Structure formats: structure tokens, C-alpha cells
Amino acid sequence: MITKRIIPCLDVKDGQVVKGINFEGLRRISSPVELAEEYSRKGADELVFYDITASAEERRLFTDILKETAANVFIPLTVGGGINTVADFDRVLKSGADKVSVNSGAIRNPALVGEAAKLYGDQCVVLSVDIKRVDGVFRVFAKGGRENTGMEAIEWIRRCTGEGAGEVVVNSIDTDGVKRGFDLEMLNAVCEAVTVPVIASGGAGCIDDFITLFKTLPKVDAGLAASIFHFGEVSIKDLKEEMVRNGIPARI
Amino acid sequence: MITIIDYGVGNLFSLTCSFKAVGADVTISSDPEDIKKADKLILPGVGAFRDAALKLRTSGLDELIKEETAKGKLLMGVCLGMQMLFDRSLEYGEHEGLGLIPGIIRPLSGQIPDKLKIPHMGWNALDIKKPHPIFKYLGEREYVYFVHSFSACDCDENIIATSEYGAPITAAVAKGNVCGCQFHPEKSGDTGLKILKAFCELKEGDLC
């Protein structure tokens, strides 16, 4: 049976991982390539690189780092951040990305999802959505969660998967950073609406949060997190062993 | 030398890097001379079967691959490249493959329970059905990475490994000097690299 995936996410700026990461109290690692290798060794099933640079020059640096990572790390690599056109898809795919995650770019130009899916296949296009409850309704937020688009989230996700998004990352703004667990209600609503894989993001604070996620919502395919892995609060190895103990399929 | 056959299908960057990582002398080429000179061939591929088969045919590389493998040259197909080794595919119509391994590519829907998602995407365990040199460094039930919506059927005697996804799905096949992986060895971590290393160490004649 296919395993549930555990996915660390790295923010990359100016060729470095933002703030650097203290790996289990050892030394600080700022090189995205080194960190990616470390996560791969520790059992990450997939990696997300998020490009938070702005200028074209920095973007070229990011692309170089991507190439170096793909030359050294042999697990699937998803790239997000600054993906606005088919040319952006092309650039990161040629540099070693396996999947491309699109968020604000799809909100600005909803045709992007369909165009990219036709060119590169559905499995390549990951829709990432930042969602927040507003008066009890799930709304899509843009610009890193700062701007309410007014769009109803489930409808937006249905539309994009209908056009070819092959996977959905659900990032709950309501639970993000709170570290009290994933947003099970929101994730359930998405899982009931789509047939493509759903990746949970936002809210994980400890191993138990992942166990609760996969036990409560068997339709969720993967759990994504950043800081709890980066700062050693959760070790991927321990997490996966606990998953297996709980009867959740995991790659060890 | 290993030549990855470039027929304009998919991205060969990761595949090339993974062979380099196991120390192989690897080139990417569509030049018939490089394909003739190589002692091993890799047939890659992602995307739609029809487009890939058409590109292989219009480039004339289909005949060259058949000639070279008929002489005993080692060939490994990866993902769609593995599917291309078969007689035909029922992916959106019916399309002819290379016919190097008997069998048909069929949609996963119909083979697996409806509640399971398609594509079959993610890490799944290999159930080795027959010992094969490409598995020589593997332990039991190691995990490999899959992304596919179609799979090889009616090829029982050439299946060397399956993966369980509601039903046993063809994961790797071999017939004489030709073999193939439905999964992506270049994205399957150390397990994938061990398979590629074992393939690189094969010598012509090992698999006759």
C-alpha cells in the first residue's frame, strides 16, 4: 500500500535557507543543498523548496541551487514561489523540479493551471491554497495570506483540479503557526470535494498531530511542515516510527 | 558507456544525475551513433504513450532500439519508457509499442478498487517476484516512488516485481537483456540508486 508522505518545506532566499537551521542542536546549516541531503537521509519522502526572492538576479541563483540539489538528492522535489507563467514552470522543471506549486499565480491567472497541466501533465501541477475562515466560510487568501480574494475555497479547489491540478496543498491560516494540530475540519471539506492527493499544511506542533491527522482523515495523503522539522522539535525518523506503530503506512 | 535515449520526451536532468551519482559514464543523446556505441541503453519517458511512441517512430529510433537489443545490448525502460517496451497501450485509443516484451498497457482504473486515487502516486513497497540482478543490492520490501495512471498487464511471466495498490501492480519487468521499471529509480532515494548501480554493473550476456 502507498505510504503517507512526510514533507519538509524550505524557504530559500539569496541562495540560503531563511534564518538557517539548527539541526538537532548541532551546527547551523544554511545551504539548501546540504539541508535537502540531510532531510533525504533522515527519511523525508519529498521536499518543497519555496523561492521567496524577488529580483530576476536572485531567481537565477535559486535556479542554480535547484540544479545542485537535484544533482545530489534523489527524492521528489516540488518548487513553489514566484510561479506566474508557463515559462516559470519550464525554468524550474528544467532545473530539476519534479512538481511545481502554484498559488497567487493561479489566482491572478486561473488559466495557468490548465495550460501547465496540458504541457507537463497533471501530476506536475500542485495547487497550493492559503485558506482562512471569514464569517464561517472558507476563503482563499492571496499574497502570502494577507489579502482576502473573496473566493470560496472549496469551489476554487474544485475548479483548479477540474482544470488539471494533480495535487492540492491546503494551508490553513487559522492553524498555521499555532502548533496545536492540523485543521481537520478544513482538510475534511477539501478531501470530500476532490479525488486528487491532498497535502495538509499548517498547525503541526508534535508527532501526535500527524498521527491524529492520518487516523482521523485517511484520505489525506501527506503532511507538510517547516519549523518543527527545522528546529528539531519533531524528528522525521521518530515520526515515521510512531506512524508505523499506529498502523499508518510509512516509508522507513 | 550508458546512453540515455533522448527522443524529446520528458526531463532527463534527474535521471542523468542519478546515473552520475552511482559513478556511471552516462550521456544523453538522440544520435544513432551514440546509441550504437553504448553498451547499455536507457529508454526514459513521461507523458502520454501516443506522443512518445510517435516521436520514437518519426525519429527512426524505434527500429534502432530493436536492432541493438536484438544483438544483446542491455536496455532499461523507465516509467513511460518501460511501458513503451510492450506490444501496445490502451491509453486513449490503441497504440503500438516496441514489442520487446509481450503484454498490454491498461488503465489502472478497472484494475484497482474505485476508492483508490489515480494516479498511483507516492512511495510503495516492491514485492520481488523473481530474483533479478538489478535487485541484487535490495532487501525485502524496499520503497520506490511511483507516478502513473496506466500499467503493464498480461505479462505475468516477465514480471520481476509488483507493488500492492488495491491489487498487485506491475512494478518491474525483464525479458532477456531488456528490463524496465514502472517506478522512478532516479526519485527513489538510495533504493533507486542501488537498482541503477546494479544495472550499471551488468555485462552484455549476463541476462541472456
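The structure is a predicted model, in which local features need pLDDT of at least 70, side-chain atom pairs count only at pLDDT 80 or more, and totals for chains, interfaces and linings use all residues. Residues are numbered from 1 along each chain as its sequence is written, while chains are lettered from A and ligands numbered from 1 in the order in which they are written. The model scores ipTM 0.92 and pTM 0.94.

**Confidence**
- Chain B has an average pLDDT of 95, pLDDT being the predictor's confidence in each residue, from 0 to 100.
- In chain B, 100% of the residues score at least 70.

**Contact between the chains**
- Chain A gives 22 residues to the contact and chain B gives 26 residues; two residues are in contact if their C-beta atoms, placed from the backbone, lie within 7 Å.
- The side of chain A that touches chain B holds ten nonpolar, six polar and six charged residues.
- In this classing, Ala, Val, Leu, Ile, Met, Phe, Trp, Tyr, Cys and Pro count as nonpolar, Asp, Glu, Lys and Arg as charged, and the others, Gly among them, as polar.

**A sheet in chain B**
- Four strands of chain B form an open, mixed sheet in the order 6-5-7-11.
- Strands (E, at least two residues) and helices (H or I, at least four residues) are DSSP runs, numbered from the N terminus; two strands pair if DSSP finds at least two bridges between them.
- Strand 6 (95–96) and strand 11 (150–153) of chain B are the edge strands, each pairing on one side only.
- Strand 5 (residues 86–89) and strand 7 (residues 101–107) of chain B are parallel and share three bridges.
- R88(B) has I104(B), in strand 7 of chain B, as its bridge partner.

**Backbone exceptions in chain B**
- Most residues other than glycine have a negative phi, and most peptide bonds are trans.
- C79(B), not a glycine, has a positive phi of about 55° and sits in the loop between strand 4 (74–78) and helix 5 (80–83) of chain B.
- C79(B) is buried because 25 other C-beta atoms lie within 10 Å (buried means 20 or more, exposed 12 or fewer, partly exposed in between, with C-beta atoms placed from the backbone).
- Y92(B), in the loop between strand 5 and strand 6 of chain B, has a positive phi near 45°.
- Y92(B) counts as exposed because it has 11 C-beta neighbours inside 10 Å.
- The peptide bond from I118(B) to P119(B) is cis, with omega near 5°.

**M151 in chain A**
- M151(A) belongs to strand 10 (residues 147–152) of chain A and is partly exposed, with 19 other C-beta atoms within 10 Å.
- Apart from neighbours within four places in sequence, M151(A) is in contact with R139(A), V140(A) and W156(A).
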